[in-house]
Amino acid sequence: MRRTIVTIIAVCLTFASSHGAFGDDSLLDLGPEALVQANGVAINVSGYSVPTFEDWDNDNLKDLIVGEGGAFQEAKVRIYLNVGTESDPQFSTPFYAQSNGKDLTCPAAGCLGCFPRVVYWDADLRKDLLIGQADGKLKLFLNIGDDDKPTFDGGTFLRVGPSGAKEDIDVGARATPSSVDWNNDGKKDLVAGAYDGKIHLFINEGTDTEPDFIAETFAQEDGIDLLVPGSRSSPVIIDLDGDGRKDILAGNTYGELLFYSNVGTNPEPSFSGFRLVEAGGVPIDLIGSPRSRPSVCYWTGDGYFGPADGYIDVLIGAGDGKVRLYRGIPIPADLDLDGDVDFTDFALFSAHWQEIRPRP
């Protein structure tokens, strides 16, 4: 029996090491591209697509929220409700997010219409919308409806600066914001990409439900401002390699996906170089200069919404209006699908072996 257990562990370790389980990208091994569909046809919004995956109507099914517009295309936010299941999302005819009783719109210009992200901004426990605009400003639309049927006010520009001298946040152009606790103080901060390729930071000096932004700083790479090559940075902030420190996943002008591993700490992130993210063994590099705008999700659930698989999936919006999905590929030896190989997997492997091994 002891020899059998040793053999089982050796086999699992071999599987794990050969499939990146202990590497620095173990949670970002992506499969080939698939186009997300609605009513059986690939989604194709007007202008540039900006997708995210959230439960819009509180039915325990995540829905697809897609910003659209840019250049001469009107900028709005489409909602595709999930009419499928937790394990098989399906979408039908969309509708538009509403602001003061009509379609929520943004000033479109160039390669961006609305860049939407769902946030819980204040203390009312209703989902709000944070919108990045083509002109570089950030606008917050507060939910004046119900959490399961959101509708929004006319929006307010977020501001930065000391008391009595605040100005509208303006990252220059092509604002791609998200809300994240950058410094681990328990309060939401703002992180925004922009046309300049930098990662703009606005640290919250207020409270989590009443944010107050005093100054603008920038994410650092080797002691200087991080600059995403190709400009038009579109960052997602999340631990991508399972080391407990927040990393950066960034889109850019060229349609690539860049992974910046955090070489600092979780409260004080810093970075040193990037690696191009692959899908199906090939670096993601969309045709032309489509402006890749990624978001991350668990497409078939994260433990509450559906079966936990522990592997990050990636959605990418681009200039052709389509929504691309790249599924995370589980490590073969990760039998409990939690994103790593550990003794739980060894135990499962051992139990399975005991069931199928030849009997004397």
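How many of the five residues of strand S23 (residues 247-251) are buried? Five of the five are, so to speak, under cover, and the strand counts as mostly covered. Keep in mind as you read that this is a predicted model.

**Strand S23 and its partners**

On one hand, S23 pairs with strand S22 (residues 234-238) in the antiparallel sense, over five bridges. Within that pairing, Ser-234 has Gly-251 of S23 as its bridge partner. On the other hand, S23 pairs with S24, again antiparallel, over four bridges.

**The nonpolar core**

Leu-249 turns up again in the largest nonpolar core, which has 16 residues. Leu-249 is among those with the most contacts inside this core, together with Leu-28, Leu-30, Val-277, Ile-284, Val-314 and Tyr-326. Strand S24 (257-260) and strand S29 (313-317) supply at least two core residues each.

What does Tyr-326 touch, leaving aside its neighbours within four places in sequence? Its contacts include Leu-30, Ile-284 and Val-314, which are also listed among the core residues with the most contacts. Tyr-326 is in contact with Gly-31, Pro-32, Glu-33, Ala-279, Leu-286, Asp-313 and Ile-316 as well.

Elsewhere in the chain, four strands form an open sheet in the order S4-S5-S6-S7, with antiparallel pairing. Strand S4 (50-54) and strand S7 (95-96) each have a single partner strand, so one side of each is left without a neighbour in the sheet. Another open sheet, also of four strands and antiparallel, runs in the order S10-S11-S12-S13. Its edges are strand S10 (115-119) and strand S13 (156-157); each has a single partner strand, so one side of each lacks a neighbour in the sheet. In general, strands of a sheet pair through backbone hydrogen bonds.

| Strand pair | Bridges | Sense | Opposite residues |
|---|---|---|---|
| S6 (residues 77-80) and S7 | two bridges | antiparallel | Ile-79 and Phe-95 |

Definitions and conventions:
Residues are numbered from 1 along each chain as its sequence is written. This is a predicted model: local features need pLDDT of at least 70, side-chain atom pairs count only at pLDDT 80 or more; totals for chains, interfaces and linings use all residues. Side-chain values use heavy atoms; hydrogens and water are left out. A nonpolar core is a set of buried Ala, Val, Leu, Ile, Met, Phe, Trp, Tyr and Cys residues joined through side-chain atoms within 4.5 Å. Buried means under 20% relative accessible area, exposed over 50%, partly exposed in between (1.4 Å probe, protein chains only). Contact means heavy atoms within 4.5 Å. Two strands pair if DSSP finds at least two bridges between them.
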